[in-house]
Amino acid sequence: MEKRIKLTKALIDQILFAMEDQGRSYDFSLSGRTVQVHSPRKDDEQYIPIPSWSSSDGYRMRGNYILTLNNPLAKSELSEIQESGQGVFRKFKGYLRRNPGLYRNWLRFKRKFMLGVIQQWAEEW
């Protein structure tokens with residue numbers, strides 16, 4: 001009988017945190033025995049690697065968010081930031097924080113986008 005990963009809110013939150021910790025995400029994996037995200041791995045347990053998440057995934061997600069915007073000024077400014085090079089995420093987030101409505105929309109969009117990645121990953125496992 002195949003055992004499925006049950007995606008609880010707490011587990012999703014742990015996976016999201018691990019995915020976004022890009023400096024260490026390679027250390028995170030899901031323990032099949034305890035169904036929790038662990039770092040570092042313990043050799044005596046079976047682990048499932050968490051979904052990969054890279055800066056190019058973040059770039060794609062930000063680009064998709066920009067496409068959803070109806071505000072031409074915000075769309076233009078965020079597109080410029082997206083193509084500006086170094087420090088893009090910090091600048092992107094800074095712009096959004098100065099615009100509370102956009103920032104709330106971004107947080108919802110980001111969670112939904114990343115949840116889609118997690119759900120696809122869970123189906124594969």
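For the angles that follow, axes are lines fitted to C-alpha atoms over the stretch in contact, and the angle between N-to-C directions runs from 0 to 180 degrees. The model is a predicted one.

Helix α4, residues 88-97, and helix α5, residues 100-124, have axes that come within 6 Å and cross at roughly 125 degrees. On the α4 side the contact is made by F89, F92, K93, Y95, L96 and R97, and on the α5 side by P100, L102, Y103 and W106. Sorted by class, this contact has 8 nonpolar and 2 charged residues, and no polar ones.

The other pair is helix α2 (residues 55-68) with helix α3 (residues 72-82), which pack at an angle of about 165 degrees with their axes 10 Å apart. The two helices are therefore roughly antiparallel to each other. The crossing of α2 past α3 is left-handed. From α2, the residues Y59, R62, G63, Y65, I66 and L67 make the contact, and from α3, K75, L78, S79 and Q82. Its classes are 5 nonpolar, 3 polar and 2 charged residues.

Q82 belongs to helix α3. Its relative accessibility is 5%, so Q82 counts as buried. Leaving aside residues up to four places away in sequence, Q82 touches Y59, R62, G63, I66 and V88. With R62 there is also a polar contact, side chain to side chain, at 2.8 Å.

Terms used
Residues numbered from 1 in each chain as written. Predicted model: local features only at pLDDT ≥ 70, side-chain atom pairs only at ≥ 80, totals over all residues. Heavy atoms only, no water. Helix = DSSP H or I, 4+ residues; strand = E, 2+ residues; numbered from the N terminus. Parallel < 35°, antiparallel > 145°, perpendicular 65-115°, else oblique. Left-handed = near helix turned anticlockwise from the far one by under 90°. Contact = heavy atoms within 4.5 Å. Nonpolar A, V, L, I, M, F, W, Y, C, P; charged D, E, K, R; others polar. Buried < 20%, exposed > 50% of the residue type's maximum accessible area, 1.4 Å probe, protein only. Polar contact = N/O pair within 3.5 Å; in protein donor to acceptor, adjacent residues only side chain to side chain.
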